[in-house]
Amino acid sequence: MSSDPADASAPPKRTPLYDLHVAAGAKMVPFAGYEMPVQYPMGVLKEHLWTREKAGLFDVSHMGQAFLVPDDNRFETAAAFLETLAPADVSVLKPGQQRYSQLLGPNGGILDDLMATRLGFAGHDHWLYVVVNASRKDADFAFIEAQLPSGLTLKRVDGFALIALQGPKAAVVLEAHAPGAAKLDFMASVDAPVGGIWSHISRSGYTGEDGFEISVKTAEAVALWQMLAVHPDVAPIGLGARDSLRLEAGLCLYGHDIDETTTPIEAGLAWSIQKRRRIEGGFPGADSILRELKDGPARRRVGIKPEGKTPAREGTEICSMDGSRIGTITSGGFGPSVNGPVAMGYVDATHAAPGTQLTLIVRDKPLPARVVELPFVPNRFIRKAKI
Amino acid sequence: MAIERYSKDHEYVRVEGDIAIIGITNHAQEQLGDVVFVEVPEVGKRVKAGEQAAVVESVKAASEIYAPVSGEVIAANADLAADPALVNTDPMGKAWFMKIKLTDKSELDNLMDKAAYDKFVADSH
């Protein structure tokens, strides 16, 4: 995890929850231009395990939130525009539905990844709500704005906090304050009060667990956080555990596992390009991406399990058994739930099959490893809510 | 009585005769957070002051441990491989990293005593 060097000179910004983090004893670090909690006194290891067993509360207010609002009140107008930048089928979204996608450069490289949601509440179901990475938000919104056609407005919502509640207890905790929340489907959203605080709630997250992401006005962020944090099964979780949770869940971190030099196909994100877009194209780099989809990419992002106990960090060289270099680790560390080292990285497509033996070069020493299926820990998203 | 010295990299050196026991300070383990992996040097290795001698990894990152003094490694703590969390629970005791037979005791003069180290830590905040 690294902070954005571009922001190193500017004084770090604070989220509306900064004082709460400090009061809770969090260790604050610069991240993407913000002072963020990397861990609380519980520590990364226990915070990680807590989230997998109970519910973790994450401040992700540094992320970029914006609305795409069409003047003609037609959702199709907003969807059609986003489809010129991203390869997801956006137009098919029903009110409240959310989808993962990527902003692509002209050659199909990933400029950022994002969540796009068609708002669900009456009178606003033509609005598209997008959430992008903190480190990329200024660049993303400038990029989107530069290409906006007339009749469409990008409204940045810097006056909102974003709070994630993740873990097997998340639904029970939220349901107590927002009746009906537990019935939300995965990747669906609703605009509803949480204990009287108007919120945008989506069933989504970045941990591999069931959970919610809640957008709330800055002025009410502290009250919402405290309302959720008071539950005995809820603990605040820092960026350190957020990173180890998403790594075990096999989820990409922008600037590490995906960037302008990687395509969605290489990154194993082909699932996020729906059928209509595969047939019709019409997104940046469509020619090369659709060719990669058909013929297979030259390299692939894979899960990598070092066989010993030594973690292999980002940048570690990956070699085939004959000693030739075939790739690089893009995220790696210790997986608390796996109780051992976990990593992912790009390898030559001929070495991408699960079970393939590899050698990692850690501190000049060869370390045996093998390609494994992602995720390392089974995803426990609630596909269809039953409560 | 043992002499104890500290480096700016937050290692401690506890000297008994010409043997130095080396580990990381409580402040260092607090900064690292949960330690999940430790790599200690092989017995017989000759280390020079300032050279990398061991590795300690938290969930978040890998950190190099430098030899604060020169000499030959005469013992390395095998317990740390099996139980790296010892570094968090008992950094100044059971979680020693290595014992070095000193080649030049005057190198200890380059290190801080406890009062100077405590001030160094306080000033760095």
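Q: Which residues is A:Ile258 in contact with, leaving aside its neighbours within four places in sequence?
A: Contact means heavy atoms within 4.5 Å. In this predicted model, A:Ile258 is in contact with A:Tyr100, A:Ile110, A:Asp113, A:Cys252, A:Leu253, A:Ala267, A:Leu269 and A:Tyr346.

Q: Which residues have the most contacts inside the largest nonpolar core?
A: In soluble globular proteins, nonpolar side chains tend to be buried together. A nonpolar core is a set of buried Ala, Val, Leu, Ile, Met, Phe, Trp, Tyr and Cys residues joined through side-chain atoms within 4.5 Å. Buried means under 20% relative accessible area (1.4 Å probe, protein chains only). Here the largest core has 41 residues, and A:Phe67, A:Ile110, A:Ile258 and A:Leu269 have the most contacts inside it. A second, separate core has 30 residues, including A:Val173 and A:Ile201.

Q: What share of chain A is buried?
A: Buried residues make up 58% of its 387 residues.

Q: How many helices and strands are there in chain A?
A: Both are DSSP runs: helices (H or I) have at least four residues, strands (E) at least two. Chain A has nine helices and 19 strands.

Q: Of contacts between residues at least 6 apart in sequence, what share joins residues at least 24 apart?
A: In chain A, that share is 66%.

Q: What should I know about the numbering and the values?
A: Residues are numbered from 1 along each chain as its sequence is written, and chains are lettered from A, ligands numbered from 1, in the order written. Local features need pLDDT of at least 70, side-chain atom pairs 80 or more, while totals for chains, interfaces and linings use all residues; side-chain values use heavy atoms, without hydrogens and water.

Conventions:
Buried < 20%, exposed > 50% of the residue type's maximum accessible area, 1.4 Å probe, protein only.
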